Amino acid sequence: NWGDLKYLEFHLPEKKKQAKIIKLLWEIDGLIRKYNKIKALVELNAKVLAKDHFKSLRNKKNIKLGEICRPKQWKTIPAKRQTKDGFLLYGANGIVGHFSEYNHEFPVIAISCRGDCGSVHLTKPKSYINGNAMCLDDLDTDRYNIKYLFYYLYYSNLDPIITGSAVPQIIRDDIENFKIKEVDHKKQFEFINKFDLLSENIDKIDIKIKSSKLLLKKLINKIF
């Protein structure tokens, strides 16, 4: 409150330096806003392309997700058992820490199934995925490329299989019965090539946003 704040002492540089500092901070903030706008445009472009792709599949045969994989929830690792380093540990919304062992040697698609449901992740090799996400184990790679299926599900609407109002969840049966289109390998790889490029661009923009925010924070801490 003001009663305490009015006694605090601040070191303020001379006015000319203040103006230069303000200009620099505003420029960095402007860069962050610019990068965020570019990222939003790239993400919008990806959504439009995905929508067009789904439209092109309208006449394709429907199959159930359970026909090509085995959805499974693995044991959840409590916070007290997590480690400072080791193998990546995935929760409902991606990486949450590390663990001393892994339960998936190769990448797997993980769908968040508790709390904030419906997020889709493609995990890194040698990772542990806990019970807050449903792993699509034993994928039939003769029929579906894992990266294609990841993109397909990432841009699909999974809301219809989310149940529960107080505690939202996705159960295994609903994932198994979720319908997708049967897609030939040629079309899968065409889709992958487009979305790999978009994903790389988004990652590059994210790096610029993070580095700009870090620089802004360092400057503010140094000045004040």
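Lys126 is partly exposed, because its relative accessible area of 40% falls between the 20% limit for buried and the 50% limit for exposed. Keep in mind as you look around that this is a predicted model.

Where does Lys126 sit? Its place is in the loop between β6 (120–122) and β7 (127–129). Leaving aside residues up to four places away in sequence, Lys126 touches Phe87, Leu88, Tyr102, His104, Glu105 and Phe106. Asp159 is another matter: Lys126 and Asp159 are 33 residues apart in sequence, and their C-alpha atoms are 29 Å apart in space.

Now let us step back to the whole chain. It has five helices and nine strands, and along the sequence they follow the pattern α-α-β-β-β-β-β-β-β-β-α-α-β-α. Of the contacts with a separation of 6 or more, 70% join residues 24 or more positions apart.

Some values for the chain as a whole are gathered here.

| Property of the chain | Value |
|---|---|
| Radius of gyration | 23 Å |
| Box filled by the C-alpha atoms, along the principal axes | roughly 70 × 45 × 35 Å |
| Accessible surface | about 14800 Å² |
| Buried share of the 224 residues | 33% |

For the radius of gyration, a compact globule of 224 residues would have a value near 17 Å, while this chain has 23 Å. As for the accessible surface, 54% of it belongs to carbon and sulfur atoms.

Finally, a word on charge: the chain carries 41 positive and 27 negative side chains. The centres of these two sets lie 6 Å apart.

Terms used: Residues are numbered from 1 along each chain as its sequence is written. This is a predicted model: local features need pLDDT of at least 70, side-chain atom pairs count only at pLDDT 80 or more; totals for chains, interfaces and linings use all residues. Side-chain values use heavy atoms; hydrogens and water are left out. Helices (H or I, at least four residues) and strands (E, at least two) are DSSP runs, numbered from the N terminus. Buried means under 20% relative accessible area, exposed over 50%, partly exposed in between (1.4 Å probe, protein chains only). Contact means heavy atoms within 4.5 Å. The radius of gyration is taken over C-alpha atoms; the globule rule is 2.2 Å times the number of residues to the power 0.38. Accessible areas come from the Shrake-Rupley method with a 1.4 Å probe; for residues, only the protein chains shown count as cover. Lys and Arg count as positive and Asp and Glu as negative; His and the chain ends are not counted. The place of a charge is taken as NZ of Lys, CZ of Arg, CG of Asp or CD of Glu.
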